[in-house]
Amino acid sequence: MKKKLLSTLLCVSMISAMLMGCGSDGNTDSKTPETNAADNKEDATAGNDAQDSAGNDAEAPANTSGGSVYYLNFKPEVDETWQEIAAAYTAETGVEVKVVTAASGTYEEVLKSEIAGSDAPTLFQINGPVGYSNWKDYCMDLTDTDLYASLSDQSLAVTGDDGKAYGVPYTVEAYGIIYNDAIMQKYFAMDGAVVTSVDEINNFDTLKSVVEDMQSKAADLGIDGVFASTSLMPGEDWRWQTHTANLPIYYEFEEKGVSDAEEIAFSYGENFKNIFDLYINNSTCAPGLLGSKDVASSMAEFALGKCAMVQNGNWAWSQIADVDGNVVAESDVHFLPIYTGVSGEENQGLCIGTENYWCVNSQASAEDQQATLEFVKWLINSDAGKDYMVNKLGNAAPFTTFGDNEKPSDPLAKSMLASMESGKTAVPWAFTVFPSQDFKDDFGAALLEYCNGNMTWEDVTSLVVTRWAEEKAAVAN
Amino acid sequence: MEKTLKKYFLVFTLPTLVAFAFAFIIPFVQGIYLSFCNFTTVSNAKWVGLENYKKAFGSSQGFISAFGFTAGFTVISIITINIIAFSLALLLTRKIKGTNLFRTVFFMPNLIGGIVLGYTWQQMINAILYSYGKTIVSDAKFGFIGLVLLMNWQMVGYMMIIYIAGLQNVPTDLLEAAHIDGATGWQTLIKVKLPMVMSSITICVFLTLSNSFKLFDQNKALTNGAPMNKTQMLALNIYETFYGKTGFEGVGQAKAVMFFAAVAVIALIQLSFTRSKEVEQ
C-alpha cells in the first residue's frame, strides 16, 4: 500500500512539472487587477512630473534622481555594443544601466517574464500597433518627452486610441532585392543580354525576363541560380510571409484608402505569386527542398557569390560581410525594389519603415522612468551617444538631432538613403498591422505547402483571406 | 523513536515543505487561476471565467488535431520503444562479449538534449530525403516517422537499462525449475520472465507514455509543426497559443490545465492497469 501511495505521488509530481513550466515564472506576489490599476495611475502622474523636470535639465544629465535604467534589447547581433554603451553612460553620469538581450526570436517570451518581476525593464521595445495592443498596460505616454519631440516625422510614432505617443522608433530600415553588381555587370556584358543596365529594370516584366535569361546562363555567370534559396524552414520564412506579403497588402490598402482592415480580399495575391514564383523557380535549389533552408544559408549563398540576388533588408549587411570567404565587394551591393507587376510600379521604391519602437515601462518607478528618459535623450543628443547609434549600431535614426553627416555608412544603408532621396515612392511597412504571429506562420506554412506541390495557389489565397479575418476577430476581443 | 520522530517532524520537514510550496504548489495553483484569466504577464490578470476554455476548442486553435497527432504518436512510440528496449535487454543479459560496452552505447543518446537531437535528426533525415527531392516538411508522415525514430533512438537505452535490472532480478531458482520442467526458451520468457519483470514494465510504459505525450523540444526542433501544423503536438500547440497571438495567453494556460488533466488521467489508468498484472515476489 505504501509503495502504491509513493508511486502515485511520484507520478503526480512528475506529470505536473510541465504545468509549472508552462504556467508561471514563480512570481508569487501577484497583484490583483485593482491595486494594479491604482499603481498605474500613480505612476502616470509621477511619470509626467518626472518628464517635466527632465525636460528642463541641461544637456548632460546628472544622476540626481537615483533611478536606474534596464534596457531589454531586441537584437542579439548588437548586444556587445549595447553593453559598451551601458558602461560608457555609467562612466559618464554614474547612472546604472543594465542591458539584457533576448535570444533571437524569444523577445516576447523574455519580456513577458522579465516585466512581471520586481526588477522589470524600464526601456523595452515593441514592433508596432500590434505589439502596442499587447503591451499597452506597460507603455508610458511619451508625448511630452524630448524623445518624441526630436522625431523628424512624428507620424512615425505608435499612437494609442487617445492620439498620444506610446512608442518612438529609433531607426528606419529598408528592404528590397539585394543584388551583386559584379555578377550583373558580367551578365550585361554578355551577348543577347535583355537589358544593359540595372537602371532599366523598373518593372516586373523586365525583372522577370532578366532573371529568366540569367538563370539560363547561370553556368556561364558562375552562379548556381539567380536568387538565393527561398528559406521556408519553419521560423525562417519571415522574408516572404511578412516582407514580400507587405506589397500586396499595401496596394490593397492603398486602393481602399485604409491603413488597416478587419478583412482582406488579397486582391493583389496574383502579384505576390508573380514574384514568389520567380524566386522559387530561378533559385539555387529546387522548390521541393526549400523547407530545409534558413535565412543564414541564403545570405551565405549571396556572400559566397553563388547567386546574384536575395531579398532582404539593410540589417542583413553584417550577415553578408561576416561570412567567411565572402567574395562580394562592398561597392557591389545595392538594392532593387521588389517589383510584383502592379501597374505604375516604375516609380515604386524600397519598402521603408520600422519595426523597432522604444517604450518606457509605465509601471516602473518615477525615478527609473526619468533615468530612462535621460538615457535615451543622451543617446540621440550627445556626440558620444549619436556616435554609438549611427556608427556602432548602424541605425538610420529618424531624429532631428542627427546631422546629414551622421548617417550609417554601410552599402545597404547608403542605398536606402539614396532611394529615399530619389523621389521614388517608398512603400511603408503595412505588415505592422498583420493580425498575429499565428497568421504569418500559417501563411508561411501555406507557402511551403505550395512549393511542395501539396497546395494550389487558390488554396493559399483562400487561407490568407480566412486566416486574416479569423485572427483579426480573435485578437479584437 | 516514534515519539521523537513526531516531536521533530515539523523541524525536519518544514524547510522542504516551504520550498515545495514556493517552487511547486503556489505556481501550480496560480497556473490554474490564470487559466480563468485574461493576462499579458502573470501580475496583471483579469478574471474572465470559462471564456478561455471555450476558445481553446475553436476551429482555428488546432487543439483537437494536435491531441489526435499526439495520441497516435504516443501509442506507436510506447509499443516500439518497449519492444525494442526489452529485446535489447534480453540480448544484453546473455553472457556475450562486450555487454557493458553495448549497454553504454545504447544508453548514451539519452544524455543528449532534445533540441540538439531534433536538429541533428532533421539534418540526417533531410540528407536522405534530398535524393528524392523532398524534405522532412514535404509531408506530415515524414515528420511523424521522424519523431518516432528520434524518440526511439533516445528512449530505448534508458528503458533497456530498467529492463536489464528487472531481468537480472528474476530469481535463478525459478529459471532452473522451469528448465528442469522442460520449458522451452519461449515458454520461460512468456510464463516466467515476463510476469517477474512486470514492475519494470509498469515503470517503462509510464515513462514512455508521459515523455511521449509531453514531447516538446524534439517536436519543435525537428519540424516545428510543419507542414501546416500537421505535426504539431500538444505541448507545442500550447506554446504557440501562448506566444503566437496577442491576448491568447489565457487560452494557452487553459489548454495547459486540460493537458495536465489528460496526462494525469491517462497515466493513472495505465498505472492501475499494469499494476494489476504484477506479481509479488
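Glu471(A) and Arg467(A) both belong to helix H18 (residues 457-476) of chain A, where they sit four residues apart, about one turn of the helix. Helices here are DSSP runs of H or I with at least four residues, strands are runs of E with at least two, and both are numbered from the N terminus. The structure is a predicted model, in which local features need pLDDT of at least 70 and side-chain atom pairs count only at pLDDT 80 or more, while totals for chains, interfaces and linings use all residues. Residues are numbered from 1 along each chain as its sequence is written, chains are lettered from A and ligands numbered from 1 in the order in which they are written, and side-chain values use heavy atoms, with hydrogens and water left out.

The side chains of Glu471(A) and Arg467(A) meet in a salt bridge, with an N to O distance of 3.2 Å. A salt bridge is defined as a side-chain nitrogen of Lys or Arg within 4 Å of a carboxyl oxygen of Asp or Glu. Both Glu471(A) and Arg467(A) are buried; buried means under 20% relative accessible area, exposed over 50%, and partly exposed in between (1.4 Å probe, protein chains only). Salt bridges with shared partners link Asp442(A), Arg467(A), Glu470(A) and Glu471(A) into one network.

Over all chains, the count by this rule comes to 17 salt bridges. In one of them, the side chains of Glu84(A) and Lys392(A) pair at 3.3 Å, N to O. Glu84(A) lies in helix H3 (residues 79-93) of chain A and Lys392(A) in helix H15 (residues 383-392) of chain A, so the pair ties together parts that are 308 residues apart in sequence. Glu84(A) is partly exposed at 37% relative accessibility, and Lys392(A) is partly exposed with a relative accessible area of 42%.

Between the two chains, 57 residues of chain B are in contact with 57 residues of chain A, contact meaning heavy atoms within 4.5 Å. Chain B and chain A bury about 4800 Å² between them, 62% of it on carbon and sulfur atoms. Ser43(B), Met228(B) and Thr246(B) supply 13% of the area that chain B buries against chain A, more than any other three residues. Buried area is the accessible area (1.4 Å probe) that two parts lose on being put together, summed over both.

The rule finds two salt bridges across the interface of chain B and chain A. In one of these, the side chains of Lys230(B) and Glu449(A) come together with N and O 3.3 Å apart. This pair crosses between chains, from Lys230(B) in the loop between H10 and H11 of chain B to Glu449(A) in helix H17 (residues 437-451) of chain A. Lys230(B) is partly exposed, with a relative accessible area of 46%, whereas Glu449(A) is buried, at 2%.

The loop that holds Lys230(B) also contains Met228(B), between helix H10 (217-222) and helix H11 (234-244) of chain B. Met228(B) has a positive phi of about 55 degrees although it is not a glycine, and is partly exposed with a relative accessible area of 22%. Asn229(B) is found in the loop between H10 and H11 of chain B as well. Its phi is near 65 degrees, a positive value in a residue other than glycine, and Asn229(B) counts as partly exposed at 34% relative accessibility. Most residues other than glycine have a negative phi.

In chain A, six of the six residues of strand E10 (residues 348-353) are buried, so E10(A) is largely enclosed by the rest of the structure. Three bridges join strand E6 (residues 173-180) of chain A to E10(A), and the two run antiparallel; strands are taken to pair if DSSP finds at least two bridges between them. Ala174(A) stands opposite Ile352(A) in E10(A). Two bridges join E10(A) to strand E12 (residues 425-427) of chain A, in a parallel arrangement, with Cys351(A) opposite Val427(A) in E12(A).

Asn282(A) is found in the loop between helix H11 (269-281) and helix H12 (295-303) of chain A. Asn282(A) is buried, with a relative accessible area of 6%. Leaving out residues up to four places away in sequence, Asn282(A) touches Val211(A), Glu212(A), Gln215(A), Gly225(A), Val226(A) and Phe227(A).
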